[in-house]
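Thanks for coming, everyone. Please have a look at the structure on the screen before I start.

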Amino acid sequence: MEQPIDPPRHQIRARHTASTVTVYQAYGPHIGLPAARDGRFPAAWKRDRMTWVKPSFLWMMYRCGWGEKEGQETVLAVDITREGFEWALRNACLSHYVRGFHSDEASWRGQLRQAPSRVQWDPERDLLLRPLPHRSLQLGLAGEAARRYADEWTVAVRDVTPLAREIHTLVREGDLEAAAQLLPEEPPYPTADGLLTHLRA
């Protein structure tokens with residue numbers, strides 16, 4: 001029996017189509033429910049603050065505790081344009097300084113101040129929310145990027161809280177096979193033309 005091949009350490013895996021990519025966020029009902037109902041973020045969503053989006057469903061479950069953490073009870077799947085997603089990646093800076101990758105810490109800090117988006121790579125999670133050896137992309141959007149995300153890039157917003165709860169129930173019952181079958185498919189996202197070269201430390 002062939003052993004599964006581990007994904008590369010830094011790779012974007014995401015549900016995507018020819019024109020969109022799905023990212024996940026979790027909010028309290030006062031933000032999440034109107035966003036899902038109207039297909040766009042409400043005026044109460046602060047466009048002047050940094051917001052973090054995650055292409056990994058399971059990393060979102062780790063972050064929001066399967067939608068049970070206070071203020072994160074509504075889990076959203078947000079379909080955004082690939083054009084916008086890739087603009088954010090091209091204009092992003094790593095969220096932390098890496099010796100030998102950045103020329104020096106001062107120049108990295110300068111890039112971080114100016115960049116409208118930032119990236120960090122956190123351990124991917126399994127169904128039990130345990131860390132895996134490979135990484136999951138977290139994309140932070142601020143300033144121009146946050147405004148574009150909310151008002152230009154967003155194509156659709158779906159409430160996937162029921163899915164999160166259904167999968168969590170199966171996990172608690174020990175039926176990991178059935179839980180895995182319900183997970184959104186997240187194939188590798190194409191990153192040609194050096195899209196991640198400046199983000200793979």
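I will go through the sheet, the strand pairs, the cores and then the salt bridges.

First, the ground rules. This is a predicted model, where local features need pLDDT of at least 70, side-chain atom pairs count only at pLDDT 80 or more, and totals for chains, interfaces and linings use all residues. Residues are numbered from 1 along each chain as its sequence is written, and side-chain values use heavy atoms, with hydrogens and water left out.

Four strands make an open sheet. Their order is E2-E6-E5-E4, and the pairing is mixed. Two strands count as paired if DSSP finds at least two bridges between them. E2 and E4 are the edge strands. Each has a single partner strand, so one side of each has no neighbour in the sheet. From one strand to the next, the twist averages 40°. Angles run from 0 to 180 degrees between N-to-C directions, and axes are lines fitted to C-alpha atoms, for helices over the stretch in contact.

Now look inside that sheet. E5 and E6 run antiparallel, joined by eight bridges. Pro123 sits opposite Arg135 in E6. As background, strands of a sheet pair through backbone hydrogen bonds, either parallel or antiparallel.

What packs on the sheet, touching E2 and E6? That is H5. Its direction makes about 85° with that of E6. Contact, by the way, means heavy atoms within 4.5 Å. H4 lies across E4 and E5. H4 runs at about 140° to E4.

Next, strand E1, residues 20-27. Is it buried or exposed? Eight of its eight residues are buried, so E1 is largely enclosed by the rest of the structure. Buried means under 20% relative accessible area, exposed means over 50%, and partly exposed is in between, with a 1.4 Å probe and protein chains only. Both faces of E1 are covered. On one side we have Thr20, Thr22, Tyr24 and Ala26, all buried. E1 pairs with E3, residues 74-81, in the antiparallel sense, over eight bridges. Within that pairing, Thr22 has Asp79 of E3 as its bridge partner.

On to the cores. A nonpolar core is a set of buried Ala, Val, Leu, Ile, Met, Phe, Trp, Tyr and Cys residues joined through side-chain atoms within 4.5 Å. In general, nonpolar side chains tend to be buried together in soluble globular proteins. The largest core here has 34 residues. Which of them touch the most other members? Phe85, Leu89 and Tyr149 do. Several elements supply at least two residues each, including E1, H1, E3 and H3. H5 gives the most, with five residues.

Take Phe85. Leave aside its neighbours within four places in sequence, and Phe85 still contacts Ile12, Val21, Val23, Pro55, Ile80, Leu137, Leu139 and Tyr189. There is also a second, separate core of 18 residues. Tyr24, Leu58, Ala77 and Leu170 are among them.

Now the charges. How many salt bridges does a search of the whole structure find? Nine. A salt bridge is a side-chain nitrogen of Lys or Arg within 4 Å of a carboxyl oxygen of Asp or Glu.

One of them joins Arg40 and Asp151, at 3.3 Å, N to O. This pair links distant parts of the chain, 111 residues apart. Arg40 is in the loop between H1 and E2, while Asp151 is in H5. Arg40 is partly exposed at 42% relative accessible area, and Asp151 is partly exposed at 38%. Arg40, Arg47 and Asp151 are linked in a network of salt bridges.

Two others stay within a helix. Arg109 meets Glu105 at 2.9 Å, N to O. Both lie in H4, four residues apart, about one turn of the helix. In H5, Glu144 and Arg148 are also four residues apart. Their closest N and O atoms are 2.8 Å apart. Glu144 is partly exposed, at 35%, and Arg148 is partly exposed, at 24%.

Last stop: Gln181, in H7, residues 176-182. Gln181 is exposed, with a relative accessible area of 61%. Thanks, I'll take questions.
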